Amino acid sequence: MELPEKGSIGDLVRYRIETAKSDLKSADILLKEGEYRGANNRAYYAIYHAISAVHALDGKSYKRHKDTLANFNKDYVKTEILPRDFGRKIAQAEEIRHASDYDDFYIATKEKAEEQIMTAKELIEQIEAYCLNRLKG
């Protein structure tokens with residue numbers, strides 16, 4: 001049995017950011033194909049993995065998405081380390097992803113999917129800059 005590889009906090013942060021970017025790329029592909037439910041899902045997971053990268057900086061990890069998002073809002077949004085409007089946008093992305101995945105009659109629209117993807121792009125850019133700056137210093 002092989003033991004998992006070990007890396008630094010920086011390695012984990014960079015891995016999670018790359019995962020977020022990969023999810024975002026998938027969201028863009030799904031959007032272009034008219035698969036708006038799937039695009040909403042991937043945009044949300046791009047946001048989730050970016051947020052998980054920030055938590056990794058502080059050696060934190062949460063088992064539930066709810067806790068990951070709540071602690072991000074408490075530690076980074078309410079303290080204005082990252083823009084306050086992200087709190088609302090993240091909550092909306094979570095709600096839309098949940099509806100897209102679980103509500104039988106939810107109609108995913110191109111406009112909402114584009115909005116979710118834009119939120120994910122903005123968040124990833126800001127989080128990547130924040131994380132890389134913290135890793136330098």
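This is a predicted model: local features need pLDDT of at least 70, side-chain atom pairs count only at pLDDT 80 or more; totals for chains, interfaces and linings use all residues.
Guide: Read along the sequence, the pattern is α-α-α-α-α.

Visitor: How much of the protein counts as buried, and how much of the accessible surface belongs to carbon and sulfur atoms?

Guide: Of the 137 residues, 42% count as buried. The accessible surface comes to about 8300 Å², and carbon and sulfur atoms account for 51% of it.

Visitor: What share of the contacts between residues at least 6 apart in sequence joins residues at least 24 apart?

Guide: That share is 68%.

Visitor: Where do the positive and negative charges lie relative to each other, judged by their mean positions?

Guide: The protein has 23 positive and 24 negative charges, and their mean positions are 5 Å apart.

Visitor: Which residues of the largest nonpolar core touch the most other members?

Guide: This core has 35 residues, and those touching the most other members are Ile51, Phe72, Ile90, Leu123, Ile127 and Cys131. At least two core residues come from each of helix H1 (9–32), helix H2 (36–57), helix H3 (65–77), helix H4 (85–102) and helix H5 (110–136). The most is given by H2, with 13 residues.

Visitor: Which residues does cysteine 131 touch, not counting residues up to four places away in sequence?

Guide: With those neighbours set aside, cysteine 131 touches Val13, Ile17, Ala53, Val54 and Leu57.

Visitor: Why does valine 77 count as buried?

Guide: The term buried applies under 20% relative accessible area. Valine 77 has a relative accessibility of 4%, and therefore counts as buried. This residue is found in helix H3. Not counting residues up to four places away in sequence, valine 77 touches Phe72, Leu82, Pro83, Arg84 and Gly87.

Visitor: Why is glutamate 80 called exposed?

Guide: A residue is called exposed when its relative accessible area is over 50%. Glutamate 80 has 55%, so the term exposed applies. Its place is in the loop between H3 and H4.

Visitor: What is the phi of glutamate 80?

Guide: Glutamate 80 has a positive phi of about 60°, although this residue is not a glycine.

Visitor: How do you know that aspartate 103 is partly exposed?

Guide: The relative accessibility of aspartate 103 is 37%, so the residue counts as partly exposed. Aspartate 103 lies in the loop between H4 and H5. Leaving aside neighbours within four places in sequence, aspartate 103 is in contact with Arg37 and His98. Histidine 65 is 38 residues apart from aspartate 103 along the chain, and their C-alpha atoms are separated by 19 Å.

Visitor: Why does glutamate 111 belong among the exposed residues?

Guide: Its relative accessible area is 53%, and the exposed class holds values over 50%. Glutamate 111 is therefore exposed. Its place is in helix H5. Tyrosine 36 and glutamate 111 are 75 residues apart along the chain, while their C-alpha atoms are separated by 9.1 Å.

Visitor: What makes arginine 134 partly exposed?

Guide: Arginine 134 has a relative accessible area of 33%. The partly exposed class lies between the buried limit of 20% and the exposed limit of 50%, so arginine 134 is partly exposed. The place of arginine 134 is in helix H5.

Visitor: Which residues does arginine 134 touch, beyond those up to four places away in sequence?

Guide: Arginine 134 touches Leu57, Asp58 and Tyr76. From alanine 50, arginine 134 is 84 residues apart in sequence and 15 Å apart in space, C-alpha to C-alpha.

Note on methods
Residues are numbered from 1 along each chain as its sequence is written. Side-chain values use heavy atoms; hydrogens and water are left out. Helices (H or I, at least four residues) and strands (E, at least two) are DSSP runs, numbered from the N terminus. Buried means under 20% relative accessible area, exposed over 50%, partly exposed in between (1.4 Å probe, protein chains only). Contact means heavy atoms within 4.5 Å. Accessible areas come from the Shrake-Rupley method with a 1.4 Å probe; for residues, only the protein chains shown count as cover. Lys and Arg count as positive and Asp and Glu as negative; His and the chain ends are not counted. The place of a charge is taken as NZ of Lys, CZ of Arg, CG of Asp or CD of Glu. A nonpolar core is a set of buried Ala, Val, Leu, Ile, Met, Phe, Trp, Tyr and Cys residues joined through side-chain atoms within 4.5 Å.
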